Amino acid sequence: MRAEALHRADLQGHQKFAQPLEVLSRLQDVSVFDVAGQDNTRWRAVSVLIHGNEPSGFYAMCRYWHSAVIPAVNLRFIVASVSAAKTAKWFSQRYIEGERDLNRCFALDDNQADTLRAQRIVKAIREVTPECVVDLHNTSGQGPAFAVALQKDLATRKLAGLWSDYLIHTGLRLGSLMEQEFDCPTLTIECGGSDDAKSHQIAYQGICRLAISETLDECAFPAQVLSHPMRVELRPGMSLSYANQRQHLTDVCILQQVTQYNYDGVEQGDLLGWINGADLSVFRVRDEMGNDLHLDLFTLDNNQVRFNQSLHIFMATTSVKAATEDCLFYCVKK
Ligand SMILES: [Zn+2]
């Protein structure tokens, strides 16, 4: 199946079309837009809206079109989960009810709609043999931007540096787009909270920097690498709340201000929350080797769960839905 590429010239005939909601109203899942560059022999690929409730990349793409800046090389934008983004209140659904998280479907080969959508995205990227692939996301909680990649070479760090100061070098495999083999620097960028105007600005500035760079070697500020992330999940079936004091109606209660840890990190002894019971196995802490490190990461003191070491924290959220369906947060040892 060949990706149907629209060109910016097609859009400019529509006065309103540069408005993000108007654009979205006209799109279908996995819409592909190509912008011709000054050097039209090279390509860079940017995917947005893999998750329907993470609009910063999409807003930034529309704003970039509006700027009419001609990129140094061809850009291919892929707008992935349009249906999810247009379900219920727009930009409120990560994926369509009854489907799976699209960014967990890239390693699958069944014939389900979400897997086929993932395959169309990969095909649209591979058919232009890009010199980099960037997948723009938001976090559900507030926090600074960061990049995630399987590589940590200088080219990947420089690409990450267009958006962020930090690159998390991960060996965790989830079935995401960035885990696919494109034979070029490939990143996920988490631009910050999905309802934060600063996140939209970060996404836009990064796209502009990417667009005007003659070569990917130009970034003067390679991102700092943080290695060996751990993924902290709630064990399936556990109930969760967020509050500033212990809650007796849920198995686990996480501190309401947990998203502040996205900015500051935590020190040994800092409070995460409370559990009802004496068993820290309500948490599952997965490292890159598949070990469960919950006993290394946390201590329990009178129902209070405290951190057992100093950590950088990423993607902590106060959304019960996001935390239970995906994870509580990621962390890296300081
Ligand atoms: Zn996402």
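**Exercise 1.** Determine which strand three bridges join to strand E12 (residues 252-255), and in which direction the two run.

Solution. Three bridges link E12 to E13, and the two strands run antiparallel. Strands here are DSSP runs of E with at least two residues, numbered from the N terminus, and two of them pair if DSSP finds at least two bridges between them. Within E13, Trp-274 is the bridge partner of Cys-253. E13 is also joined by three bridges to strand E16 (residues 304-307), again antiparallel. There, Trp-274 has Gln-304 of E16 as its bridge partner.

The model is predicted: local features need pLDDT of at least 70, side-chain atom pairs count only at pLDDT 80 or more, and totals for chains, interfaces and linings use all residues. Residues are numbered from 1 along each chain as its sequence is written, and side-chain values use heavy atoms, with hydrogens and water left out.

**Exercise 2.** State how many residues of strand E13 (residues 271-275) are buried.

Solution. Buried means under 20% relative accessible area (1.4 Å probe, protein chains only). Five of the five residues of E13 are buried, so the strand is largely enclosed by the rest of the structure.

**Exercise 3.** Give the strand order of the open sheet formed by four strands, and identify its edges.

Solution. The order is E14-E10-E18-E17, with antiparallel pairing. Strands E14 (283-286) and E17 (311-314) each have a single partner strand, so one side of each is left without a neighbour in the sheet. Inside the order, three bridges join E10 (residues 230-234) to E18 (residues 329-333). Val-232 has Phe-329 of E18 as its bridge partner.

Methods
Buried < 20%, exposed > 50% of the residue type's maximum accessible area, 1.4 Å probe, protein only.
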